[in-house]
Amino acid sequence: MATKAQDRRKVRLSRALGVALTPKAARYLEKRPYAPGEHGRTKRKADSDYAIRLREKQRLREQYNLREAQLRIQFEEARRKDGLTGENLVEQLEMRLDALVLRAGFARTMAQARQFVVHRHILVDGKLVDRPSFRVKPGQLIHVKQRSEGTEPFQVAAAGGHADVLPPVPPYLEVELDKLQARLVRRPKRAEVPVVCDVQLVVEYYAAR
C-alpha cells in the first residue's frame, strides 16, 4: 500500500503536471486546479519550449510509473519501428502487463497494478509473470491467480469497486471482471489509450537530446 508520503508526492506531482496520477490526486485537482507552491495561483511567465517538452515527457513517464531509463529504452525502440514514433511509444507502453492490469479494472492505480504483478498475483495464459514490463501479445489472457482471487483487493476489483475512478475499459481489451480475467484482443491505437500527453512533444524532447 502507498504511504502517506508517497500519496503527498503523487498529489504534488499531479498538480505540477496538470494530470491526476491517483484517485486522491484527482480529488485535489478538482479543488485546486493550479500548480503547488506559493506562486501556484499566479500567472507565471510563459514556459520555454524545452520546459513544455520536458513537462509532457514527465506526464507520460509518471502515468506509466516508469524510471527515466525505462522510458528512454521504449522511445528508442519506438523510433526504430515504422509509423509515427510517438504513437508507437504509447502503444508499446500500453501493452505492458501492469498497464493492462490497471485498464482491466483489477487495480486502482498504476502503482497498485505494478505491485500486484511483482507480488506474483497475475498470470498470462496460465503462466505466472512477475515483470510489470512484460509485453502482452494480442490474444493473450491476463488473469488473477486462483489463490489470490479471494483476497480483499481482488474481491473489491471483481465487484467493480474501481469503476468510479478508472476510465471505461478500452476497446482493445475484453474483460470479464467477475472472473478477474481480460484478453488483449489487438494492439492498442493511440487515440484509444486513456493517457493525457502530447506525444509529439515527447518525441521532440528526446530527439533534441
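Leaving aside residues up to four places away in sequence, His-143 touches His-121, Ile-122, Leu-123, Asp-125, Gly-126, Leu-180 and Gln-181, a contact being heavy atoms within 4.5 Å. The model is predicted, so local features need pLDDT of at least 70 and side-chain atom pairs count only at pLDDT 80 or more, while totals for chains, interfaces and linings use all residues. Residues are numbered from 1 along each chain as its sequence is written, and side-chain values use heavy atoms, with hydrogens and water left out.

His-143 itself belongs to strand S3, residues 141-144. Helices (H or I, at least four residues) and strands (E, at least two) are DSSP runs, numbered from the N terminus. With a relative accessible area of 17%, His-143 is buried; buried stands for under 20% relative accessible area, exposed for over 50%, and partly exposed for values in between (1.4 Å probe, protein chains only). Ala-182 is 39 residues away from His-143 along the chain, yet 6.3 Å separates their C-alpha atoms.

Most residues other than glycine have a negative phi. Asp-125 has a positive phi, near 50°, and Leu-180 likewise has a positive value, near 55°. Asp-125 sits in the loop that links strand S1 (122-124) to strand S2 (127-128), whereas Leu-180 is found in the loop between strand S4 (173-176) and strand S5 (181-184).

Turning to the chain as a whole, 10 helices and 5 strands are present. The chain has 209 residues, of which 44% count as buried. Its accessible surface is about 11600 Å², and carbon and sulfur atoms account for 50% of that area; these areas come from the Shrake-Rupley method with a 1.4 Å probe, and for residues only the protein chains shown count as cover. Among contacts between residues at least 6 apart in sequence, 57% link residues at least 24 apart.

Of its 10 residues, 9 are buried, so H5 is largely enclosed by the rest of the structure. The buried residues are Thr-85, Gly-86, Asn-88, Leu-89, Val-90, Glu-91, Gln-92, Leu-93 and Glu-94. Their cover includes H3, H4, helix H6 (97-103) and H10.

One of these neighbours is helix H4 (residues 68-80), whose axis comes within 8 Å of the axis of H5 (residues 85-94) and crosses it at roughly 125°. Here axes are lines fitted to C-alpha atoms, for helices over the stretch in contact, and angles run from 0 to 180 degrees between N-to-C directions. H4 is therefore oblique to H5, on a scale where angles under 35 degrees are roughly parallel, over 145 roughly antiparallel, 65 to 115 roughly perpendicular and the rest oblique. On the H4 side the contact is made by Leu-71, Gln-74, Phe-75, Glu-77, Ala-78 and Arg-79, and on the H5 side by Thr-85, Asn-88, Leu-89, Gln-92 and Leu-93.

Helix H10 (residues 199-207) packs on H5 at an angle of about 105°, their axes being 8 Å apart. H5 is thus roughly perpendicular to H10. In this pair, Thr-85, Gly-86, Glu-87, Leu-89 and Val-90 of H5 meet Val-199, Val-202 and Val-203 of H10. H4 and H10 also pack together, at about 100° and with axes 11 Å apart, which makes H4 roughly perpendicular to H10. There, Glu-68, Leu-71, Arg-72 and Phe-75 of H4 meet Val-203, Tyr-206 and Ala-207 of H10.

Helix H3 covers residues 49-63; its 15 residues should span 21 Å at 1.5 Å a residue, and its end C-alpha atoms lie 22 Å apart, in agreement. That expected span is 1.5 Å times one less than the number of residues. Buried residues in H3 are Glu-56, Lys-57, Arg-59, Leu-60, Arg-61, Glu-62 and Gln-63. After H3 comes Asn-65, with a positive phi near 60°.

Finally, Val-195 occupies the loop between S5 and H10 and is buried, with a relative accessible area of 8%. Beyond residues up to four places away in sequence, Val-195 touches Leu-60, Gln-63, Tyr-64, Arg-103 and Arg-190. Val-195 and Val-90 lie 105 residues apart in sequence, with 8.4 Å between their C-alpha atoms.
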